[in-house]
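Take a moment with the fold before reading on. The paragraphs below walk through its sheets, helices and cores.

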Amino acid sequence: MEYMMHALSLAKLAIGTVSPNPAVGAVLVRDGEIVGRGYTQPPGAAHAEVVAIQQAGEKAKGSTLYVTLEPCCHYGRTPPCTRAIIEAGIEEVHFAMLDPNPIVCGKGRVELEAKGIKTVVGECEKDAAITIEAYIKFVTTGIPFVTAKFALSLDGKIATRTGDSRWISGPESRKYVHFLRFANDAIMVGVNTVIADDPSLTTKCCGGRGGTAKLQPLRVIIDGRGRTPATAKLFYQPGKTLIAYGQVAPETLAAYSKTGAGLIEAPGKRGLINLSELLRVLGERGITSVLVEGGGTLLGSLFDEGMVDKVIAFIAPVIIGGSRSKTPVAGKGAAKIADSLRLKRVITERMGDDVMVTGYTRD
């Protein structure tokens, strides 16, 4: 258990830099001593197991490998990890969980056992699954993992009656939001949020990633009728912006193209966007995870259609009041309390003066 927990801590170091691959950690142990450590490198570079084997060198022979996911057994951008394990002379492999990817899913274990290598599966499985929750959904459905994030006052408001929303949450919460942006492939907002807040939607954490265009999350604007100003700040930040539109005039599309933004036509009913189709297209483009930052109309639609997988809410000790003040989730909502969405696997944490509530929409 101790060595697998260490491998999990290594896996977390890969979050935000390895998509669409899973963030995996590996530890090699020989005679009670850790002789190699590794975590997944960016796509095209070594996987966690190979990094650990290279670090161990000759000490890998006769060792035991602890890895957070079943080693791959197929050729992708890199050779199979099972081959590296066999060639290194490793005697035993513990992995937290089988790889849900149909290309692997048990085949890696079979290959190792066929070469006389003992395998043990299931240590820290739940923790390992949380670390790669987006990867699990993506490889089994082709659809990105969707996280709804919002900050609200103690009385359930996200803005005052005049629309002012800066800042409800405290500095610790806002810093963590930059990590969430770093960890996700894309950030999604509705056009009303762009108009009201003119956000940059960039991440400023993790070793200067905020200034690197290649590593910024994709910014996705939901804009059924083309109301996003071509002067919006987010068009001129590092990274890429994508507008999902429905009924938009050709001259408006031309103005967006001049900003360098990508365009996806996904018309839905009543001038809205077909969010199901949009998520499918994003999945086809290799987007495995989406952080939705509002506003209420977009979040309401996603909740109404059952598309949200995870919720992260920051509750600040602030009272805003006002019957016309905005709430985080609009849409149709539930007609009865019994029909309300009750989160599962709920965790609460302190973030300075705020409380962060994390939960899942499904078991």
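Which strands do the buried residues of α7 pack against? The model is predicted, and in it these residues meet β6 (145–152), β7 (186–190), β11 (289–292), β12 (310–315), β13 (344–351) and β14 (354–360). The buried residues themselves are S173, V177, H178, L180, R181 and F182. The helix α7 covers residues 171–183. Its 13 residues, at 1.5 Å a residue, should span 18 Å.

I187 has L291 in β11 as its bridge partner.

Is S289 buried or exposed? Its relative accessibility is 4%, so S289 counts as buried; the cut-off for buried is under 20%. Leaving out residues up to four places away in sequence, S289 touches A134, P144, F145, A183, N184, D185 and A186. With D185 there is a polar approach: a polar atom of the S289 side chain lies 3.0 Å from the backbone nitrogen of D185.

Now turn to the other sheet. Five strands form it, open and with mixed pairing, in the order β2-β1-β3-β4-β5. Neighbouring strands here are turned by 15° against each other on average, direction ignored.

Strand β1 can be followed on both sides. Towards β2, the two strands run antiparallel and are joined by six bridges. G25 has Y39 in β2 as its bridge partner. The hairpin of β1 and β2 has two residues between the strands, and in it D31 takes a positive phi near 55°. Towards β3, β1 (residues 25–30) pairs with residues 64–67, again in the antiparallel sense, over four bridges. There A26 stands opposite V67.

Helix α4 (residues 107–114) lies across β4 (92–95) and β5, and runs at about 150° to β5. How many of the nine residues of α2 are buried? Seven are, and the helix is mostly covered. They are A48, E49, V50, V51, A52, I53 and A56. Their cover includes β1, β2, β3 and α3. Just after α2, G57 takes a positive phi of about 65°.

What holds the middle of the largest nonpolar core? Among its 35 residues, L28, L65, V67, I85, I90 and V93 touch the most other members. Two or more residues come from each of α1 (2–11), β1, α2 (48–56), β3, α3 (81–88), β4 and α6 (133–141). The largest share, five residues, comes from α1. L65 shows how these parts meet. Neighbours within four places in sequence aside, L65 is in contact with A26, V27, L28, E49, I85, I90, E92, V93 and H94. Apart from this core lies another, of 30 residues, including F150, I264, I273 and A313.

Notes: Residues numbered from 1 in each chain as written. Predicted model: local features only at pLDDT ≥ 70, side-chain atom pairs only at ≥ 80, totals over all residues. Heavy atoms only, no water. Expected span 1.5 Å × (residues − 1). Buried < 20%, exposed > 50% of the residue type's maximum accessible area, 1.4 Å probe, protein only. Contact = heavy atoms within 4.5 Å. Pairing = 2+ DSSP bridges. Axes fitted to C-alpha atoms, helices over the stretch in contact; angles between N-to-C directions. Core = buried A, V, L, I, M, F, W, Y, C linked by side-chain atoms within 4.5 Å. Polar contact = N/O pair within 3.5 Å; in protein donor to acceptor, adjacent residues only side chain to side chain.
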